[in-house]
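I opened this entry to keep track of what I looked up. The notes follow the order in which I checked things.

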Amino acid sequence: MNKTEALVSVNHVSKSFGKQQVLKDIHLEIKPGEIFGLLGPSGAGKTTLVKQLVGLDLPTSGENYLFQEKMPSLKLIERVGYMAQSDALYGELSARENLQFFASLYGLNGKKQGERIEQVMQIVNLSNHLNKLVSNYSGGMKRRLSLAIALLHEPQLLILDEPTVGIDPVLRKSIWAAFYELKKKGVTIIVTTHVMDEAEKCDRLGLIRDGSLIAVGTPEDLKASTNAATIEDAFLVYGGA
Ligand SMILES: Nc1ncnc2c1ncn2[C@@H]1O[C@H](COP(=O)(O)OP(=O)(O)OP(=O)(O)O)[C@@H](O)[C@H]1O
């Protein structure tokens with residue numbers, strides 16, 4: 001695949017914090033419209049990589065490109081939605097007030113703002129809790145509100161760091177249904193996870209361990225090429241043990 005086809009290109013990226021090398025020569029291309037999962041155990045480097053993709057951190061060497069634009073780039077803010085691993089919400093405000101705040105940051109005001117707030121809260125199944133203070137939300141509700149905020153400005157690329165942590169299986173299913181709906185509309189989604197059943201739902205996966213990308217492929221390909229029944233087993237064969 002050449003560069004013009006890739007929506008996201010990670011070009012030989014390495015990252016060190018002091019003496020610790022956290023990303024090791026990662027080379028990866030993500031195509032428009034795919035749901036790409038970054039799968040790896042805790043501490044593998046997933047968050048470090050996605051923070052670079054949204055422009056919150058820099059590689060020690062190598063470059064990241066989004067929409068053929070080198071990151072970090074302010075130009076891309078409107079095209080990218082990011083949900084961080086820890087929720088950045090204002091507890092003393094209601095969910096609606098949080099949404100209104102982030103919507104106005106994106107220049108979304110008036111009638112359109114109200115409509116989008118209703119739509120995104122429906123997607124995450126929180127419509128009945130719009131006026132509740134966020135400090136009274138459960139952990140799972142906060143995750144879902146963070147997801148709603150990431151969706152507000154209808155980004156073409158969504159980067160979600162462990163979006164379903166703390167979310168029960170029924171809601172997790174409905175959130176994945178929402179991801180597939182977004183995919184149908186052409187949205188590209190990058191999701192980090194260490195949940196194997198979630199990994200199976202991705203179009204392609206990048207297996208990451210100790211800062212190295214140890215394999216990339218569809219869940220089916222990764223299983224077939226390792227003769228494994230599950231992604232977990234495939235991961236172990238690729239060196240994840
Ligand atoms: N700002 C930082 N300074 C020093 N070390 C860091 C920093 N950020 C991350 N690290 C280290 O980099 C490594 C990778 O961390 P990272 O958060 O990217 O892992 P992860 O795969 O996202 O894990 P998890 O699933 O637990 O979130 C860890 O050893 C972590 O301690």
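I began with a term: a residue is buried if 20 or more other C-beta atoms lie within 10 Å of its own, and exposed if 12 or fewer do. By that count I found Lys-46, Thr-47, Leu-49, Val-50, Gln-52 and Leu-53 buried in helix 1. That makes six of the eight residues of helix 1, so this helix is largely enclosed by the rest of the structure. Just past helix 1, I noted Gly-55 with a positive phi of about 85°.

Confidence. I kept in mind that this is a predicted model. The protein chain has a mean pLDDT of 92, and 98% of its residues reach 70 or more. For the complex, the predictor gives an ipTM of 0.95 and a pTM of 0.92.

Ligand. I asked which residues are around the ligand. I listed Phe-17, Val-22, Gly-40, Ser-42, Gly-43, Ala-44, Gly-45, Lys-46, Thr-47, Thr-48, Gln-85 and His-194. Sorted by class, the shell holds three nonpolar, eight polar and one charged residues. Helix 1 (residues 46-53) supplies the largest share of the shell, three residues.

Helix 5, length. I checked whether the ends fit the residue count. Helix 5 (residues 169-184) has 16 residues, which at 1.5 Å a residue should span 22 Å; the end C-alpha atoms are 23 Å apart, which agrees. After helix 5 comes Gly-186, with a positive phi near 95°.

Helix 5, sides. I asked which residues of helix 5 are buried. They are Ile-175, Phe-179 and Leu-182. These three cover an arc of only 60° around the axis, which puts them on the same side of helix 5. I recalled the general rule that an α-helix has 3.6 residues a turn, so residues three or four places apart point the same way. The buried residues of helix 5 pack against strand 3 (35-39), helix 4 (139-151), strand 7 (157-161) and strand 8 (188-193). On the face turned away from the buried side I noted the exposed residues Pro-169, Val-170, Ala-177, Tyr-180, Glu-181 and Lys-184.

Leu-182. Leaving aside neighbours within four places in sequence, I found Leu-182 in contact with Leu-158, Val-187 and Ile-189. I also looked up Leu-160, which is 22 residues from Leu-182 along the chain; their C-alpha atoms are separated by 13 Å.

How values were computed
Residues numbered from 1 in each chain as written. Predicted model: local features only at pLDDT ≥ 70, side-chain atom pairs only at ≥ 80, totals over all residues. Near = placed C-beta within 6 Å. Helix = DSSP H or I, 4+ residues; strand = E, 2+ residues; numbered from the N terminus. Nonpolar A, V, L, I, M, F, W, Y, C, P; charged D, E, K, R; others polar. Expected span 1.5 Å × (residues − 1). Arc of directions from axis to C-beta. Contact = placed C-beta atoms within 7 Å. pLDDT = per-residue confidence, 0-100.
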